[in-house]
Amino acid sequence: MHLQRLLMPDDRISWTAYDGDCVVEEVRAFVVHLEALRYAPSTVHHYVRHVVRLGNYLAGNGKGFEDLTPLDFDRFIPAAVKFGASFDSLPAAMNIVPLRAEYAAQVSASLHNQILFAIKAFYQF
């Protein structure tokens, strides 16, 4: 899955996610929902980027969005901080091993909260 920037006819910027040649409908619907709530474009981008990274992390572990467990999420946040852009595409995410807690990267409170709010908003949607 990868994140794709869209330039709309009215010059607005939007986002979607592709898995191969197909739009990931859950992610696109989430973007439309955030835009309808008038979230700032940068917030939409950050939220969707974290959701795509979570999707790639889960796919790398043989799971989908519906299979997320608390343990998966606890391992995702430090891995996302440590490997960051490696989760922007599935092939790279397939090579990432979940970290045990004692080897987790230090996560700033603000980044932790940004990831947490993004994923929480996605699952509440």
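Two salt bridges turn up in a search of the whole structure, which is a predicted model. Side chains of opposite charge can pair when their charged atoms come close. Arg-12 counts as partly exposed, because its relative accessibility is 40%. The other pair links Lys-63 and Asp-72, whose closest N and O atoms lie 2.8 Å apart. Here Lys-63 is partly exposed, at 29% relative accessible area. Asp-72 has a relative accessible area of 11%, so this residue is buried.

H3 has 14 residues, so at 1.5 Å a residue it should span 20 Å. Its end C-alpha atoms are 20 Å apart, in agreement with that value. The helix still bends, by about 25° at Phe-76. A proline, Pro-78, follows within four residues.

Phe-76 also belongs to the largest nonpolar core, which holds 27 residues. Along with Met-1, Val-27, Phe-30, Val-48, Val-51 and Phe-65, Phe-76 touches the most other members. Strand E2 (13–19) and helices H1 (25–36), H2 (41–60), H3 (70–83) and H5 (109–124) each supply at least two core residues. H2 gives the largest share, eight residues.

Now take Phe-65. Leaving aside residues up to four places away in sequence, Phe-65 touches Met-1, Glu-26, Val-27, Val-51, Leu-54, Gly-55, Leu-58, Phe-122 and Tyr-123.

Methods:
Residues numbered from 1 in each chain as written. Predicted model: local features only at pLDDT ≥ 70, side-chain atom pairs only at ≥ 80, totals over all residues. Heavy atoms only, no water. Core = buried A, V, L, I, M, F, W, Y, C linked by side-chain atoms within 4.5 Å. Buried < 20%, exposed > 50% of the residue type's maximum accessible area, 1.4 Å probe, protein only. Contact = heavy atoms within 4.5 Å. Expected span 1.5 Å × (residues − 1). Bend = angle between axes of the 7 residues up to and from the residue. Salt bridge = Lys/Arg side-chain N within 4 Å of Asp/Glu carboxyl O.
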